[in-house]
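Student: I have a chain open here and would like to go through it with you. Could we start with the strands and then move on to the side chains?

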Amino acid sequence: MRELADAVGLLKEVYDNVIVENVALTDMIGKECFYLDYDGFSGSSFEKKLGKAEEIETITLDEYVIKNGLERVDFIKADIEGSERRMLKGAVEVMKRWAPKLSICTYHLHDDKEVLEQIVREANPRYKIVHKWKKMYAWIE
């Protein structure tokens, strides 16, 4: 966790608009069990039940935007160890309203490409979607 604290500190030195929140973006609001990877090999995750379990607060991106009065969302990047689909399901209104550019990893679960693309298309069918390098990139032209 020391590396995370160092990274957050560096970001705050370089950018004056970085806000670090101790919550996870998913498809629900509440608390959920999160598995912390201390060995550094498997990645901390909701999905991979490896490592120490810790209950953490969760929120949808849609609710986070409302709660914090965000004026817009321009870009979403996610490499969250198989929870990408849950995060996107919690961002449907954001994708409908602002159509942020997306860079989403698609290699954690066997059907990620298809499922993630379907979630994005259902939220906003105007997205152009391209799959490259184990990622899905989406934008509106």
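Student: Which residue is the bridge partner of Ile 76 in strand 5?
Tutor: In this predicted model, the partner of Ile 76 across the bridge in strand 5 is Leu 102. Further along, Ala 78 stands opposite Ile 104, again in strand 5.

Student: And in what sense do strand 4 and strand 5 pair, parallel or antiparallel?
Tutor: The pairing of strand 4 with strand 5 is parallel and is made over four bridges.

Student: What about the faces of strand 4, which residues are covered and which uncovered?
Tutor: Strand 4, residues 75-78, has Ile 76 and Ala 78 on its covered face, while Phe 75 and Lys 77 make up the uncovered one.

Student: What is the strand order in the sheet of four?
Tutor: That open sheet has the order 4-5-7-6, and its pairing is mixed. Strand 4 and strand 6 each have a single partner strand, so they stand at the edges and one side of each is left without a neighbour in the sheet. From one strand to the next, the twist averages 10°.

Student: Which strands does helix 5 lie across?
Tutor: Helix 5 lies across strand 5, strand 6 and strand 7, and the direction of the helix runs at about 165° to strand 6.

Student: Okay, zooming out: how many helices and strands are there in the chain?
Tutor: The chain has five helices and seven strands, and, read from the N terminus, these elements follow one another as α-β-β-β-α-β-α-α-β-α-β-β. The chain counts 141 residues, of which 38% are buried. When contacts between residues at least 6 apart in sequence are considered, 60% of them join residues at least 24 apart.

Student: Then the other sheet, what order do its three strands have?
Tutor: The order in that open sheet is 1-3-2, with mixed pairing. Its edge strands are strand 1 (24-25) and strand 2 (30-36), each of which pairs on one side only. Strand 2 and strand 3 (residues 52-59) run antiparallel and are joined by seven bridges, and within this pairing Phe 34 has Glu 54 of strand 3 as its bridge partner.

Student: Which strands of that sheet does helix 2 touch?
Tutor: Helix 2, residues 61-68, packs on the sheet by touching strand 1 and strand 3, and its direction makes about 55° with that of strand 3.

Student: Switching to charges, how many salt bridges does the structure hold?
Tutor: There are eight salt bridges in the structure. One of them is formed by Asp 111 and Arg 85, whose closest N and O atoms are 2.8 Å apart. This pair links distant parts of the chain, since Asp 111 lies in the loop between strand 5 (101-105) and helix 5, whereas Arg 85 lies in helix 3 (residues 84-89), 26 residues apart.

Student: Is Arg 85 buried or exposed?
Tutor: Arg 85 is buried, because its relative accessible area is 15%, which is under the 20% cut-off.

Student: Which residue does Arg 121 form a salt bridge with?
Tutor: Arg 121 forms a salt bridge with Glu 117, with 3.1 Å between the closest N and O atoms. The two are four residues apart in helix 5, so about one helical turn separates them.

Student: What does Glu 141 pair with?
Tutor: The side chain of Glu 141 meets that of Lys 128 in a salt bridge, at 4.0 Å from N to O. Here too distant parts of the chain are linked, with Glu 141 in the segment after strand 7 (135-139) and Lys 128 in strand 6, 13 residues apart. Glu 141 is exposed at a relative accessible area of 78%, whereas Lys 128 counts as partly exposed at 37%.

Student: Last one: where is Asn 124 found, and what does it touch?
Tutor: Asn 124 is found in the loop between helix 5 (112-123) and strand 6 (128-132), and it counts as buried at 5% relative accessibility. Leaving aside residues up to four places away in sequence, Asn 124 touches Met 95, Lys 96, Ala 99 and Ile 140. Ala 99 is 25 residues away from Asn 124 in sequence, and their C-alpha atoms are 7.4 Å apart in space.

How values were computed
Residues are numbered from 1 along each chain as its sequence is written. This is a predicted model: local features need pLDDT of at least 70, side-chain atom pairs count only at pLDDT 80 or more; totals for chains, interfaces and linings use all residues. Side-chain values use heavy atoms; hydrogens and water are left out. Buried means under 20% relative accessible area, exposed over 50%, partly exposed in between (1.4 Å probe, protein chains only). Contact means heavy atoms within 4.5 Å. Two strands pair if DSSP finds at least two bridges between them. Axes are lines fitted to C-alpha atoms, for helices over the stretch in contact, and angles run from 0 to 180 degrees between N-to-C directions.
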